[in-house]
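Let's take a walk through this one together.

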Amino acid sequence: MFQKIWERHEVVPETPETPAVLYIDLHLLHEVTTPQAFTMLREQGLRVRRPDLTLATMDHSTPTRTEQVFGGAPIAVESAALQIAELEKNCAQAGIELFNLRSASRGIVHIVGPELGLTQPGRTVVCGDSHTSTHGAFGALAFGIGTTEVAHVLATQCLLQRRPRTYAVEVRGALSPGVTAKDMILAIIGRIGVAGGTGHVLEYRGSAVRALDMEERMTVCNMSIEAGARAGMIAPDETTFEYLANRPRAPQGAAWEQALESWRALPTDPGASFDREVHFDADSIEPMISYGTHPGMVLPIGARIPGRSDDPVFNKALAYMGFTAGAPIRDQPVNVVFIGSCTNGRLSDLRAAAQLLRGRKVAPGVQLLVVPGSQQVKRAAEAEGLDRVFIDAGGDWRESGCSMCIGMNGDTVGPGQYAVSTSNRNFEGRQGPGARTLLASPLTAAASAVRGRITDPRELLGGQS
Amino acid sequence: MPPIRQIRSHTVVLPYANIDTDQIIPARFLRTTARAGLGRHLFSDWRYQSDGAAKPDFPLNQAAAQGCQILVTGRNFGCGSSREHAPWALLDYGFRAVISAGIADIFCNNALKNGLLPIVLSADEVASLLANPGLELLIDLETNRITRPDGSQLGFQIERFARYCLLNGLDELGFLRSQEPAIARFESTRA
């Protein structure tokens, strides 16, 4: 599948001297990694070549408090307000469609593209954000780029790229009740490591992957970058087509039939070989949680924190987290629970969390922050009363954005505090200076909010699952 | 961009694996629309106490590290976010090369486009550099070799096209723009 998409987009093939010139079908922009790219264009007197293949939203540094988004309150973080204004100016000058702060279509860039139907099988999708790998869930070749490359795509609609190698990640069997796509990808990263995918495009395969719905597939592909991979992909199938049918920017009518035919030819041919392969058994995957300072430091929720007395880097991570080797991760106290992000900020994620929070209260002293991934997700969640579930449980329900995943907008975790987060990175200080992040699924996050301690969600699911 | 041929400098060593871009430059410093001036935020949370004072035991804060242009680190340097602010901050601080046993893909691309040399050596070679902070190295991009003070040499590879651009001070965008006829032809065949 990767080879087919690559070859369909080679404007000029790779040679030993020069990388391939690769055509980009969809270029997504946000406010943080683009201002300098527009400056580069201006410095060279260049225009945006294909504004019609470019779409901008704002997400990373945007406020989530309703009064700052829709009310008259100023945006609390002044530098964020400047970036927002800069993106508005750049998009207006270049004729690029922008979902601005008050747009009903605004949201996290990797949630907006799919929900509009812009992310389609066989497309090349890039964005100045490493979690662009999310879009690979549709059988698109999607990867994050730097700001200079953003300028390259703005100016030429192309990128210079060496062909990555391929890596099959097969997950056989079926996930157990209470075990989610997030647990699957955390288990994968835990095994192959945070540099295991470097130089490769991962293709997730096998019965457990086929059984995932599109939102779950996006969760898996989203974290491909946390294994160091260039991209992650899942071959399109009926699940993909059903999700895309009748989305506003998906092909319609005769164009839809034509698209379907081309999409059905994309999956990897049987017997095709990969540069590397790894196999997992879904039945043996447990709810997973991170205990260290990178997404490869994960363990099953019932396990004890490992020890490596001879590894100073490992011990530095445990010291940062305030954890002791040999202690169980379960029942560690929790200060903050964050449900949201491009990893787990879609409707099904909010439903999963609400399933555990309905009729329950957040433990005393625990802050619960729920941030939908887009304004559309927010409306859909409110239409089924999920906002009431979170508010009644004692949580905070906000406008969409990246929020506490990256803490650029002021939604941060305090120094030394423990946050169970449905986001993608547990790096030191990621959620605020000194913050201690434990990555987990929305189910585990919600269960831990209720108990105020790291909790296996299966204890609260009972007969529900 | 000025051509890059040789870098001669003592090394600074950060002996940690998986140094992510959130450590290189924390996200709160990305709320800028400029490229310049990021060096003062480089490794901010490791370099400064919460009151802003320098942490004396952090390698970059030591006298021997001042003016060094070569950073040697543990494997998988630059993992995480795609922020080009990471190489911008390293360059603005004064680094011109990073040596590691593994460098994350997006960081590597970003570094090459800004004239920061991402050099991957074997685990053993990097281990010996990590164990000897402050060595004076000569990195020669024309010969793809690093010379140590005892005269011994280490070979390295840089992607050929990026190397050509760096040696000649060329901007990759210029090459891409020269492909315009092929790009227009490609678009017309798909329309």
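This is a predicted model: local features need pLDDT of at least 70, side-chain atom pairs count only at pLDDT 80 or more; totals for chains, interfaces and linings use all residues.

Helix 2 of chain A packs against helix 6 of chain A at an angle of about 55°, and their axes are 8 Å apart. Angles from 65 to 115 degrees would count as roughly perpendicular and those under 35 as roughly parallel. Helix 2 and helix 6 of chain A are therefore oblique to each other. As for the hand, the crossing of helix 2 and helix 6 of chain A is right-handed.

Which residues make this contact between helix 2 and helix 6 of chain A? From helix 2 of chain A come A:Q36, A:A37, A:M40 and A:L41, and they meet A:T147, A:T148, A:V150, A:A151, A:L154 and A:A155 of helix 6 of chain A. By type, the residues of this contact between helix 2 and helix 6 of chain A are seven nonpolar, three polar and no charged.

In total, 53 residues of chain A are in contact with 43 residues of chain B. On the chain A side, at least two residues each come from strand 1 (10-12), strand 2 (20-23), helix 2 (35-44), helix 4 (78-94), helix 6 (147-156) and strand 8 (158-161). Helix 6 of chain A gives the largest share of that side, with seven residues. Sort the chain A side that touches chain B by type and you get 23 nonpolar, 21 polar and nine charged residues.

Time to zoom out. Chain A has 18 helices and 19 strands. Its radius of gyration is 21 Å, close to the 23 Å that the globule rule gives for 465 residues, so chain A is as compact as a globular protein of that length. The C-alpha trace of chain A spans about 60 × 55 × 50 Å along its principal axes, and 60% of the 465 residues in chain A are buried. If you take the contacts in chain A between residues at least 6 apart in sequence, 75% of them join residues at least 24 apart.

Chain B has eight helices and seven strands. With a radius of gyration of 18 Å, close to the 16 Å from the globule rule for 191 residues, chain B is as compact as a globular protein of that length. Its C-alpha trace spans about 60 × 45 × 25 Å along the principal axes, and 41% of the 191 residues of chain B count as buried.

Back in chain A, a few spots are worth a click. All 10 of the 10 residues of helix 17 (residues 442-451) of chain A are buried, so this helix is largely enclosed by the rest of the structure. Just after helix 17 of chain A, A:G452 takes a positive phi of about 75°.

A:T54 lies in strand 4 (residues 54-57) of chain A. A:T54 counts as buried because it has 23 C-beta neighbours inside 10 Å. Beyond its neighbours within four places in sequence, A:T54 is in contact with A:H27, A:L29, A:V48 and A:I96. A:R172, in strand 9 (residues 165-172) of chain A, counts as partly exposed, with 14 C-beta neighbours inside 10 Å.

Last stop: backbone angles. Most residues other than glycine have a negative phi. A:N246, though, has a positive phi near 70°, and sits in the loop between helix 10 (238-244) and helix 11 (253-264) of chain A. Is A:N246 buried or exposed? A:N246 is exposed, with 10 other C-beta atoms within 10 Å. A:D331 also has a positive phi, near 75°.

Technical notes:
Residues are numbered from 1 along each chain as its sequence is written. Chains are lettered from A and ligands numbered from 1 in the order in which they are written. Two residues are in contact if their C-beta atoms, placed from the backbone, lie within 7 Å. Helices (H or I, at least four residues) and strands (E, at least two) are DSSP runs, numbered from the N terminus. Ala, Val, Leu, Ile, Met, Phe, Trp, Tyr, Cys and Pro count as nonpolar, Asp, Glu, Lys and Arg as charged, and the others, Gly among them, as polar. Axes are lines fitted to C-alpha atoms, for helices over the stretch in contact, and angles run from 0 to 180 degrees between N-to-C directions. Angles under 35 degrees count as roughly parallel, over 145 as roughly antiparallel, 65 to 115 as roughly perpendicular and the rest as oblique. A crossing is left-handed if the near helix is turned anticlockwise from the far one by less than a right angle, and right-handed if clockwise. A residue is buried if 20 or more other C-beta atoms lie within 10 Å of its own, exposed if 12 or fewer, and partly exposed in between; C-beta atoms are placed from the backbone. The radius of gyration is taken over C-alpha atoms; the globule rule is 2.2 Å times the number of residues to the power 0.38.
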